[in-house]
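Trainee: Could you walk me through how to read a model like this one?
Mentor: Gladly; let us look at it together.

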Amino acid sequence: MSERNIARWTACATRGAVVSARRRTRLGGAVALLAAALLSGGALQAQETVSPSGLGRPLTDAEQHDRIVGPEGADLPPGSGTAAEGEMVFARRGCSACHGPTGLEGPSIALVGGDITTRSNYFPIRHWPFAPSIWDYIRRVMPYDRPGILSDDETYAVTAWLLYRNGIIQQEEVMTAETLAEVRMPGRDDYQQPGTWTPETRRGFRILTEP
Ligand code: HEC
């Protein structure tokens with residue numbers, strides 16, 4: 001089994017445990033037979049369906065392509081989109097049903113403007129320090145009721161539209177992996193990078209060692 005396969009099995013072992021528990025109930029002795037075959041070392045081609053521990057399952061295509069894009073945007077995929085395209089995506093993909101036709105009217109939270117207050121339980125996106133995080137959030141989490149349906153291009157487009165509506169980019173700017181990573185968010189300087197950690201770095205709280 002290649003290292004990649006081991007990583008894939010490890011990643012889904014927890015969820016797989018539930019699945020295999022269910023399967024075990026259904027298949028009963030068949031699983032025991034399969035396990036015995038594996039132990040005897042003669043079931044190499046069963047690698048894709050049964051992990052060495054008997055737990056987990058191979059990732060689905062969708063899971064293999066799921067990815068997290070970091071704040072610097074280095075992992076952004078190819079693709080592009082503009083604000084004008086994003087406005088259409090916002091309506092076509094049903095974002096407007098929850099956030100309102102212009103991203104302001106609700107019933108869900110406003111995506112345009114807004115300030116951080118002690119009463120609000122979310123960060124208006126113009127206060128987010130890094131633009132690629134907006135892309136990442138939308139691509140993986142929205143639409144709330146059907147996450148993951150947006151293509152990469154649609155995500156670039158709708159991100160461009162929201163950045164434009166928040167006064168952060170110009171209407172005609174094309175968002176790509178490169179240009180999105182270069183967008184400077186207005187609140188960027190409100191956040192401090194943690195300094196380089198050393199063993200002497202003090203924590204923000206005191207650890208009590210006395211009983
Ligand atoms: C079914 C309702 C629903 C739909 C449809 C929906 N959203 Fe959301 N959206 C929400 C809710 C609820 C939240 C807050 C989620 C939370 O904080 O856990 C949210 C949060 C967001 C945020 C984060 C805002 C912030 O300041 O934290 C963005 C960006 C966003 N949605 C964009 C979109 C886009 C783009 C679409 C369409 C592809 C979309 N949403 C579709 C309900 C929806």
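**Reading the fold, the core and the ligand shell**

Mentor: Of the chain's 211 residues, 24% count as buried, where buried means that 20 or more other C-beta atoms, placed from the backbone, lie within 10 Å of a residue's own, exposed means 12 or fewer, and partly exposed is in between. This is a predicted model, in which local features need pLDDT of at least 70, side-chain atom pairs count only at pLDDT 80 or more, and totals for chains, interfaces and linings use all residues. Residues are numbered from 1 along each chain as its sequence is written.

Trainee: How many helices and strands does the chain have?

Mentor: Helices (H or I, at least four residues) and strands (E, at least two) are DSSP runs, numbered from the N terminus. Here there are nine helices and two strands, in the order α-α-α-α-β-α-α-α-α-β-α along the sequence.

Trainee: What share of contacts joins residues at least 24 apart?

Mentor: Two residues are in contact if their C-beta atoms, placed from the backbone, lie within 7 Å. Among contacts between residues at least 6 apart in sequence, 66% join residues at least 24 apart. Ala 83 and Leu 163 illustrate sequence separation: they are 80 residues apart in sequence and 8.1 Å apart in space, C-alpha to C-alpha.

Trainee: Is Ala 83 buried or exposed?

Mentor: Ala 83, in helix α5 (residues 83-92), is buried because 22 other C-beta atoms lie within 10 Å. Leaving aside residues up to four places away in sequence, Ala 83 touches Ala 160, Trp 161, Tyr 164 and Gln 171.

Trainee: At what angle do α5 and α8 pack?

Mentor: Axes are lines fitted to C-alpha atoms, for helices over the stretch in contact, and angles run from 0 to 180 degrees between N-to-C directions. For α5 and α8 (residues 152-165), the angle is about 105° and the axes are 7 Å apart. That makes α5 roughly perpendicular to α8 (65 to 115 degrees; under 35 is roughly parallel, over 145 roughly antiparallel, the rest oblique). By class, this contact has eight nonpolar, two polar and three charged residues. Nonpolar covers Ala, Val, Leu, Ile, Met, Phe, Trp, Tyr, Cys and Pro; charged covers Asp, Glu, Lys and Arg; the others, Gly among them, are polar.

Trainee: Which residues of the largest nonpolar core touch the most other members?

Mentor: A nonpolar core is a set of buried Ala, Val, Leu, Ile, Met, Phe, Trp, Tyr and Cys residues joined through C-beta atoms within 7 Å. Of the 28 residues in the largest one, Ala 131, Trp 135, Val 158, Ala 160, Trp 161, Leu 162 and Leu 163 touch the most other members. The elements giving two or more residues to this core are α5, α7 and α8, and α8 provides the largest share, eight residues.

Trainee: Which residues are closest to the ligand?

Mentor: A residue is near a molecule or strand if its C-beta atom, placed from the backbone, lies within 6 Å of it. The ligand is surrounded by 22 residues, the closest being Cys 95, Cys 98, Met 142, Pro 143 and Tyr 144. This shell divides into 17 nonpolar, three polar and two charged residues, and α6 gives the most, with four.

Trainee: What kind of peptide bond joins Met 142 and Pro 143?

Mentor: Most peptide bonds are trans. Met 142 and Pro 143 are joined by a cis bond, with omega about -10°, and Pro 143 lies in the loop between α7 and α8. Gly 106 and Pro 107 are also joined by a cis bond, with omega about 15°.
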